[in-house]
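Please keep the sequence and the model in view.

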There are 4 protein chains.
Amino acid sequence: MKKLSDQILHQVIKPRPANSFKGTFGKVTLVGGNRNFGGAIIMASTAAVCAGAGLVTTATDASNSGALHAQLPEAMFADFTNDGQVASLVSAATTVAVGPGLGDDETSEHILKNVFASVKPEQNLVIDGSAITLMARENISQPAANVIYTPHEMEWQRLSGIKIGEQTEEKNRAVRDQLNATVVLKKHHTEIYTTNEVYQLTIGTPAQAVGGMGDTLAGMVGGFTAEFHQDVTNAVLAAVYAHSAIAEKIAENQYIVLPHQISRALPTFMKKMEQAPSEHHIGFLN
Amino acid sequence: MKKLSDQILHQVIKPRPANSFKGTFGKVTLVGGNRNFGGAIIMASTAAVCAGAGLVTTATDASNSGALHAQLPEAMFADFTNDGQVASLVSAATTVAVGPGLGDDETSEHILKNVFASVKPEQNLVIDGSAITLMARENISQPAANVIYTPHEMEWQRLSGIKIGEQTEEKNRAVRDQLNATVVLKKHHTEIYTTNEVYQLTIGTPAQAVGGMGDTLAGMVGGFTAEFHQDVTNAVLAAVYAHSAIAEKIAENQYIVLPHQISRALPTFMKKMEQAPSEHHIGFLN
Amino acid sequence: MKKLSDQILHQVIKPRPANSFKGTFGKVTLVGGNRNFGGAIIMASTAAVCAGAGLVTTATDASNSGALHAQLPEAMFADFTNDGQVASLVSAATTVAVGPGLGDDETSEHILKNVFASVKPEQNLVIDGSAITLMARENISQPAANVIYTPHEMEWQRLSGIKIGEQTEEKNRAVRDQLNATVVLKKHHTEIYTTNEVYQLTIGTPAQAVGGMGDTLAGMVGGFTAEFHQDVTNAVLAAVYAHSAIAEKIAENQYIVLPHQISRALPTFMKKMEQAPSEHHIGFLN
Amino acid sequence: MKKLSDQILHQVIKPRPANSFKGTFGKVTLVGGNRNFGGAIIMASTAAVCAGAGLVTTATDASNSGALHAQLPEAMFADFTNDGQVASLVSAATTVAVGPGLGDDETSEHILKNVFASVKPEQNLVIDGSAITLMARENISQPAANVIYTPHEMEWQRLSGIKIGEQTEEKNRAVRDQLNATVVLKKHHTEIYTTNEVYQLTIGTPAQAVGGMGDTLAGMVGGFTAEFHQDVTNAVLAAVYAHSAIAEKIAENQYIVLPHQISRALPTFMKKMEQAPSEHHIGFLN
């Protein structure tokens, strides 16, 4: 297992070309946030916008549109029960991220199937949270796409069938090979299973043990894979690393880190990474 | 009557174990906030999230979900008139906090009874504001649970039958013994009645005489008792002490303290308490 | 005409007594904000809360409750078309402020009449904006109360019958005597007509020429007259002076001042006024 | 083609006259923001308010009023499907800005036609985004008004018939002369076509390649042309220049610039421009 270092940030986060426009940095369509879990998709969307994706649309329960725009006017809204509109937004995206706050009732399932039916093989598809649970429980097949799963250990157990105590690198890798997907297995020292390699995250802090932290990671993975779509695997690795690197920095002065703080720190953090291949860490939040 | 000192903070707020996750820090379900008093439950929920509870759900009037998520995407939402969902959220919680902005009409009463019917003996139950008034007025029995009341003097009069001018330590203690609950009696120099001891808070500032201050305290008690559930009595004491310690610090530069400022200062304040057993007070907001 | 100086701030803003509670600082009920002008009553309410009134309730169009709580959870909400509830909130208030964003249609008129019918002689009643226009146009009598008008010159023309070019101190004073009210005539060098005296404000900045500035002033007058109800005339003078003093300070670095910035600066500004009878001005926002 | 320099800022942004009031700085009516794109009109409105327009009203889908007021209480709201109210708000404005987030369905078209039917020759009319697309697609004539278009290259292709690769100064100028309008052609090195001159913007940063950047520019053009209505052409030039100058400054420390950050920096930036005809750039955000 390779240990991730901040080198991945410098590899991925490069100065933007002078003559670039929104389209250069991809489109993200996020799908989730039912009547109860609207905050989850808002946090994921905030991460995608702050990471620098060109255009971000949030398909969610209609009751969440006001809170979404109050926090994040940069995101566009769609009603996630509008199958046609969601299908069209999914088709148009560089990356689709489905799951944060989606829930696991019949409506959730219908929405998930609509997303899976609309996605195309060349697109990135981040599958998070209850979307993973639904796939496992309802036996929904993984669609043809460049799939990235972001399960915690229990969700991975549901999807892979490997019990939490038995989730060894070897077993995880075997299931990953069957799925032919990238797997970000969230845990103390998160592991990332890619086609050719397994990476381990050795940074992070217990101050991240706060609701919404995973939604923010899913949104960052969505944002990075759209913006840095030239190398999606590295984009995933960079998103995972940046998420904990920022959290560690904030946690120097805070007992807990609120998820949206990570997102809001992204523009400053990413600038430092673009600029300073050495000593960049020090004081990036000052 | 023992005087509380900042020692209680150091006793309770410890560095988080490296290998911890959301579940380590408990779940809080807050119930309150009718059509008129939505701000109260939002302020209480903000306190619970910022204190570091692992997962926070807010059961409130449906009209409040947008404002809740606009301010606090970290909290999940439930419609407090959905009896089944509330019962299930109450059952799943480490701590239930009921009362902030609940109101005292028939709907409020119905919701309170549903909460009381769903709570279990081993759970913490913070009873605040109009929930106390309703219990007294409608003669609703205290359920079997680890109950913490947070009344101001008039609410304590209603619950205990002891008139404000006659609320002596002895009388208060006698009623507390009957109730077998923790009582946080909010007043100038707040008193906390526990099973074995009575504590007095000698800090605080008139800058705290602002609407919503009590809702924030109830939310902090909710957050601390979930997060530090190993010793609930000390968690209550620490929440009460931290609430006024932060307020005092803010009041050095402000004529009044807005309740949400206390909540938003919690992550930084708690970090200082974790780190510095001496001289920690100085400059924690700088 | 007496020129107002910052002495009025020191006279009015005193250290709060140690043993005070919310009730010590009065209740404000604000009534306004129809479907189109919700921002006006939110800005007024923000001013009342930040000024330090003990309890603040905002009676407004139902569509504004979410935005109110998203910005200002400290305020309670009421539907301004609920006559009974508004009447009861008016009766319970130290100060009622009616008019910001109220509008001037039939519903507005009905609400205004309900407020006027509910107010009592010993209460403070701030009448602002479209409430003044409605009184003039619909010939609605001023109720028995301690009335404070906050018109701009056109509104004063409508109410007093004195044309803008002819609003001399003498004529204004004569109408004020008939009304037996305090009149804050907003203009370049605002004038305040009280029972015994006319005051002139010589501070202020064109950076204040921004929509919502008057709503914020009305809310500050509401907050100050509730909080410092021992001397209502001085409370009005202090509110008017503080409003422009803060704006001047902000305008040192800004081309325009956003109204909510004045409100949010109040707690810090008022602390300085309480503390430093000389040289207090310098750097209060730093 | 003349290169724009910061001289345009000093020419346009002057100290406000002491005896000015809201009316001095014009009224802006913004029309846009359907159910899906509410954030666009909120960002445009934020820009208009922060630029210093005297009064700002936002006509948008009813579902957006809460988020609008939660972010920007200074703006008034109107339902953009209320033809009579929109017509009246358009008539009363110094500048009308139509298009941000308007969409391009039948309702959008109806609203656009209503705006065009209500505007008068002496008013400024900013036409942005989907309003341009609708004009081209539905063959809607440009109304008699002082029109300012703010297309990106594809929108300009639709309106002018000139393909993106062929948009030369000469061809653009020829279409502009037919239209007799000001054209802000947004691209890397934005070009502004006026009656007598073509200007080029040589500043700007790829950190601006973020959704909502154009909506913010449209709002700034709206705000500047209302506030500085004495010379509308220069007001447009100053808005375009300020937009990128602020972005460049923010981008020194950020990988991307969020559109609302530009708006919120306007009051401080404009103060510097008013004050310091030389060396003003340095450190204006500090």
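Q: How many of the interface residues of chain B are also interface residues in chain A?
A: Only 5% of them are, so the copies meet through different surfaces. Contact here means heavy atoms within 4.5 Å. This is a predicted model, in which local features need pLDDT of at least 70 and side-chain atom pairs count only at pLDDT 80 or more, while totals for chains, interfaces and linings use all residues. Residues are numbered from 1 along each chain as its sequence is written, chains are lettered from A and ligands numbered from 1 in the order in which they are written, and side-chain values use heavy atoms, with hydrogens and water left out.

Q: How many residues of chain B are in contact with chain A, and what area do the two chains bury?
A: In chain B, 37 residues are in contact with 27 residues of chain A. Buried area is the accessible area (1.4 Å probe) that two parts lose on being put together, summed over both. For this pair it is about 2,400 Å², with 58% on carbon and sulfur atoms. On the side of chain B, the most area is lost by B:Arg16, B:Pro73 and B:Glu74, which together account for 25% of what that side buries. Between chain A and chain C there is no contact, and their closest C-alpha atoms lie 9 Å apart. Chain B and chain D do not touch either, with 9 Å between their nearest C-alpha atoms.

Q: Which strands pair with strand S2 of chain B?
A: Strands are DSSP runs (E, at least two residues) and helices are runs of H or I with at least four residues, numbered from the N terminus. Two strands pair if DSSP finds at least two bridges between them. S2(B), residues 27–31, is joined by 5 bridges to the parallel strand S3(B), residues 55–60. Between S2(B) and S3(B) the chain passes through helix H2(B), residues 38–51, in a right-handed β-α-β crossover; with the strands pointing away from the viewer, the path from the first strand over the helix to the second runs clockwise. Within this pair, B:Lys27 stands opposite B:Leu55. S2(B) also pairs in the parallel sense with S5(B), residues 95–98, over 4 bridges, and B:Val31 stands opposite B:Val98.

Q: Is A:Gly38 buried or exposed?
A: Buried means under 20% relative accessible area, exposed over 50%, and partly exposed in between (1.4 Å probe, protein chains only). A:Gly38 has a relative accessible area of 0% and is buried. This residue is found in helix H2 of chain A, residues 38–51. Apart from neighbours within four places in sequence, A:Gly38 is in contact with A:Gly33, A:Asn64 and B:His69.
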